[in-house]
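User: Please go through the pockets, the ligand site and the aromatic pairs of the following model.

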Amino acid sequence: MKLLHIDSSILGANSASRQLTAEAVAEWRRQHPQAQVDYLDLAIDTPDHFGTDALGVKLGQQAEASEAQRAQNEQSERLLTQFLAADVLVIGAPLYNFGIPSQLKVWIDRLAQPGRTFSYTANGPVGLAGGKTLIVVSTRGGKYPDEGPMAPTDRLYMQQMFGFMGISDVRFVRADGLAMGGDARAAAFAQARDDIQAAIEPASVVA
Ligand SMILES: Cc1cc2nc3c(=O)[nH]c(=O)nc-3n(C[C@H](O)[C@H](O)[C@H](O)COP(=O)(O)O)c2cc1C
């Protein structure tokens, strides 16, 4: 069983999500000692912005691809192959400006490929990357309602995009109010640690 551990926080050693993804992965390994762990740090190895040259991979332009398109396609292919190989994903997804970090967004942009992770049929879209477990470690400085104009987009977006690609087993680890003072930060970590235990209980064996 392969686990892909991903961080996207730009806060380095001060990052809450980095600490919590590490704890979640450690807990998963404790429950599943045979797991092989791969690691991707999107704040360091940030994929290029998904632009015109990168779109070639989606339009099937490989045959007459330019040098720039070939380089972009290679980048997409490397990330997609790594993603598809994973049985379990633990993704740190901090809230930045009411959404996910752009570093995480560009990675997702490279995964969403017709014929590889989704396809459109007469009955609508079908996800092709199912059968994976996704654990989203979601950290927020504040606390917000789930709905309405001030509801952040981070959690819904992760559920939408990975659901669109066929992943229905999405488990959230939530730490809210991290920037609201020491007591609130401690409570956020305590909540997140409870969520880790709930997300990675012994019954949730994948292989
Ligand atoms: C660039 C940036 C933007 C942020 N935007 C928000 C925001 O819109 N709402 C919020 O509640 N917290 C916001 N925060 C606070 C983070 O959500 C908080 O620091 C959280 O711990 C981030 O996870 P991390 O520590 O793993 O990076 C922002 C932080 C940064 C660095």
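User: What volume does the largest pocket have?

Analyst: This is a predicted model, in which local features need pLDDT of at least 70, side-chain atom pairs count only at pLDDT 80 or more, and totals for chains, interfaces and linings use all residues. Residues are numbered from 1 along each chain as its sequence is written, and side-chain values use heavy atoms, with hydrogens and water left out. A pocket is an open set of points on a 1 Å grid over the protein atoms alone where a 1.4 Å probe fits, with protein on both sides within 12 Å along at least five of seven lines; its volume is the space filled by probe spheres set on the points, which are joined across faces, edges and corners. For the largest pocket the volume is about 240 Å³.

User: Which element gives the largest share of the lining of the largest pocket?

Analyst: Lining residues have an atom within 4 Å of a point, and for this pocket they include R140, D146, Y157 and R174. Two or more residues come from each of α5 (154–164) and β7 (169–175), where helices (H or I, at least four residues) and strands (E, at least two) are DSSP runs numbered from the N terminus. The largest share, four residues, belongs to α5.

User: Which polar side-chain atom lies 2.6 Å from an oxygen atom of the ligand?

Analyst: Around the ligand there are 16 residues, each with a heavy atom within 4 Å of it. A polar contact is a pair of N or O atoms within 3.5 Å; a backbone N or O atom of G142 lies 2.7 Å from a ligand oxygen atom, and a polar backbone atom of F98 is 3.0 Å from one. The side-chain atom at 2.6 Å belongs to S9.

User: What percentage of the ligand's accessible area does the protein cover?

Analyst: Accessible areas come from the Shrake-Rupley method with a 1.4 Å probe. On its own the ligand has 620 Å² of such area, and the protein's cover amounts to 79%.

User: Why is the pair of F83 and W107 given its class, and what is that class?

Analyst: Rings of Phe, Tyr and Trp (its six-membered ring) pair if their centres lie within 6.5 Å; planes under 30 degrees apart count as stacked, over 60 as edge-to-face and the rest as tilted. The whole structure holds seven aromatic pairs. Because the centres of F83 and W107 are 6.0 Å apart and their planes stand at 85°, this pair is edge-to-face.

Note on methods. A polar contact is a pair of N or O atoms within 3.5 Å; within protein, one must be able to donate a hydrogen and the other to accept it, and residues adjacent in sequence count only if both atoms are side-chain atoms.
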